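Trainee: I have a model open and would like to go through it with you. Could you start with the terms and then take me through the fold?

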Amino acid sequence: MKEYSAFVKDGNRVVVIKNQEYSTKAAFIDDLRRNGYKVNPKKVKKSDVFDYIVNHTNMAPWDWDLKVVPCE
């Protein structure tokens, strides 16, 4: 199991779902959608990558293309 985090939409609100354990990203996205959230798959990441994007970038559209935490 891996931990995933995401920004999702609930009506007009943006909600952060953090550190949820799922076997795959697809299973996490499917569960979010079944719970009524609108999901942009680009803003669903493994929790470590999600935290890096939120804490170390300005969250520009290209920042969401990261797949792993860069070595510093």
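Mentor: Let us begin with pairing: two strands pair if DSSP finds at least two bridges between them. Helices (H or I, at least four residues) and strands (E, at least two) are DSSP runs, numbered from the N terminus. This is a predicted model, in which local features need pLDDT of at least 70 and side-chain atom pairs count only at pLDDT 80 or more, while totals for chains, interfaces and linings use all residues. Residues are numbered from 1 along each chain as its sequence is written, and side-chain values use heavy atoms, with hydrogens and water left out.

Trainee: Okay, which residue is the bridge partner of Ala 6 in β3?

Mentor: Ala 6 has Val 44 as its bridge partner in β3, and five bridges join β1 to β3, the two strands running antiparallel.

Trainee: And in what order do the three strands of the sheet come?

Mentor: The order is β2-β1-β3, in an open sheet with antiparallel pairing. Because β2 (13-22) and β3 (38-46) stand at the edges with a single partner strand each, one side of each has no neighbour in the sheet. Neighbouring strands are turned by 25 degrees against each other on average, direction ignored; here axes are lines fitted to C-alpha atoms, for helices over the stretch in contact, and angles run from 0 to 180 degrees between N-to-C directions.

Trainee: How many bridges join β1 to β2?

Mentor: Eight bridges join β1 (residues 2-10) to β2, again antiparallel. Tyr 4 has Gln 20 as its bridge partner in β2, and Glu 3 stands opposite Glu 21 of that strand. The hairpin of β1 and β2 has two residues between the strands, and Gly 11 takes a positive phi near 70 degrees there.

Trainee: What about the helices, which strands does α2 touch?

Mentor: Helix α2 (residues 47-56) packs on the sheet and touches β1, β2 and β3, its direction making about 100 degrees with that of β3; contact means heavy atoms within 4.5 Å. The buried residues of α2 are Ser 47, Val 49, Phe 50, Tyr 52 and Ile 53, where buried means under 20% relative accessible area, exposed over 50%, and partly exposed in between (1.4 Å probe, protein chains only).

Trainee: Is Ser 5 buried or exposed?

Mentor: Ser 5, in strand β1, counts as buried because its relative accessibility is 0%. Leaving out residues up to four places away in sequence, Ser 5 touches several others, among them Ile 17, Phe 28, Val 44, Ser 47 and Phe 50. The side chain of Ser 5 also reaches the backbone nitrogen of Asn 19 at 3.0 Å.

Trainee: Changing topic, how many salt bridges are in the whole structure?

Mentor: A search finds four, a salt bridge being a side-chain nitrogen of Lys or Arg within 4 Å of a carboxyl oxygen of Asp or Glu. One of them joins the side chains of Arg 13 and Asp 10 (2.8 Å, N to O); Arg 13 is exposed at 53% relative accessibility, whereas Asp 10 is partly exposed at 31%.

Trainee: And what does Lys 42 form a salt bridge with?

Mentor: Lys 42 pairs with Asp 65, the closest N and O atoms being 3.0 Å apart. Lys 42 lies in β3 and Asp 65 in the segment after α2, so the pair ties together parts that are 23 residues apart in sequence. Lys 42 is partly exposed at 38% relative accessibility, and Asp 65 is partly exposed with a relative accessible area of 41%.

Key. Polar contact = N/O pair within 3.5 Å; in protein donor to acceptor, adjacent residues only side chain to side chain.
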